[in-house]
Amino acid sequence: AAGSVGEDGNHSATGHLSVADVDSGQAHVTAQTVETDQGTFSIGTDGNWSFAVNSANADVQALGAGESMTKTFTVASADGTATQEVTVTINGANDSATITGSAAGSVGEDGNHSATGHLSVADVDSGQAHVTAQTVETDQGTFSIGTDGNWSFAVNSANADVQALGAGESMTKTFTVASADGTATQEVTVTINGANDSATITGSAAGSVGEDGNHSATGHLSVADVDSGQAHVTAQTVETDQGTFSIGTDGNWSFAVNSANADVQALGAGESMTKTFTVASADGTATQEVTVTINGANDSATITGSAAGSVGEDGNHS
């Protein structure tokens, strides 16, 4: 006097009961139909019974995999002298969950800050309407989510790849969150936004050149910048009356003196003039002045004029 049925599909459990009674016309059960919230039990005088589960019932759908509930019905013989309980087991199933909520966030590269959000799970199975808690550590930061659905990603600002992000650049980290029963997953994507980190400039920032011969002063500057592709100076060429300054992205600079310039040639021995040029890093966060000294020289003089004359021998003339 037992049967079973799954929670889904409005299916039925069936069976048969027989009555033995020596009294004429009484060897059968009493027909009945019993409606419950979870389903309907019916039995005819022929002893065939069925229980049709109500799959739309919340208590039925709340049954998870491995869970069950029982429904018991009492059947009587026609003359009422005998009864039999029929027990039907409704077996639960792992109903599919759905995950909704904020599945994306962003955080800046500096300050070890966090991006946060919340995910919600809908699952009719009892006790399964939540996500699986997890913590995922990566080189760029740590993702955590609790069973309450609150998630966070704490960026690791000390990571080289994170610091290499320049202004306007970003990287994404993606993490997969599962429902408690594993029937649903949701990707959470976090964007790490770069910033323009300050550069520093070092190297030879001074040189000298003589006034003659159109010679050059040279030097080299180096840039340190954690932002990818920005560890160099901005190339430039600056023309002045006294000479031309040039520097390439490789940091090599030169100043070619214009020896024909009057101001340059006016410098005597022990005299000098300076020319100063400002060099910037690629991202503009650092500058360095380069100073070139033009040293004068003792240029040769020339003498011109009447270099001959005559005078008579008498009279003390000139």
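**Around the aromatic rings**

Guide: Searching the whole structure turns up 9 aromatic pairs, meaning Phe, Tyr or Trp rings (for Trp, the six-membered one) with centres within 6.5 Å; planes under 30 degrees apart are stacked, over 60 edge-to-face, and the rest tilted. Take Phe245 and Trp253: their ring centres are 5.9 Å apart and the planes make 35°, so this is a tilted pair. Before going on, bear in mind that this is a predicted model, where local features need pLDDT of at least 70 and side-chain atom pairs count only at pLDDT 80 or more, while totals for chains, interfaces and linings use all residues. Numbering runs from 1 along each chain as its sequence is written, and side-chain values use heavy atoms, with hydrogens and water left out.

Back to that pair. Phe245 is buried at 0% relative accessible area, and Trp253 is buried too, at 2% (buried is under 20%, exposed over 50%, partly exposed in between, with a 1.4 Å probe and protein chains only). Both turn up again in the largest nonpolar core, which has 22 residues; Leu221, Phe245, Trp253, Phe255 and Ile294 make the most contacts inside it. (A nonpolar core joins buried Ala, Val, Leu, Ile, Met, Phe, Trp, Tyr and Cys through side-chain atoms within 4.5 Å.) At least two core residues come from each of strand 18 (216–224), strand 20 (243–247), strand 21 (252–257), strand 22 (272–280) and strand 23 (287–295); strands are DSSP E runs of at least two residues, helices H or I runs of at least four, numbered from the N terminus. Beyond four places in sequence, Leu221 touches Trp253, Ile247, Val279 and Val290, among others (contact means heavy atoms within 4.5 Å). A separate core of 21 residues includes Ala115, Leu119, Ile145 and Phe175.

Now for a group of rings elsewhere in the sequence. Phe41, Trp49, Phe51 and Phe73 make up one aromatic cluster. Two of its members face each other across a bridge: Phe41 has Phe51 of strand 5 as its partner. Strand 4 and strand 5 (48–53) pair antiparallel over 5 bridges, where pairing takes at least two DSSP bridges. They belong to an open, antiparallel sheet of 4 strands in the order 2-5-4-3. Strand 2 (12–16) and strand 3 (32–36) are the edges, each with a single partner, so one side of each has no neighbour in the sheet. From one strand to the next, the twist averages 10° (angles run from 0 to 180 degrees between N-to-C directions of lines fitted to C-alpha atoms).

Thr40 is in strand 4 (39–43) and partly exposed, at 26%. Setting aside neighbours within four places, Thr40 contacts Thr33, Val34 and Glu35, plus Ser50, Phe51 and Ala52. Lys71 is 31 residues from Thr40 in sequence, with 10.0 Å between their C-alpha atoms.

Strand 1 pairs with strand 7 (83–91) in the parallel sense over 5 bridges, and Val5 stands opposite Ile90 of strand 7.
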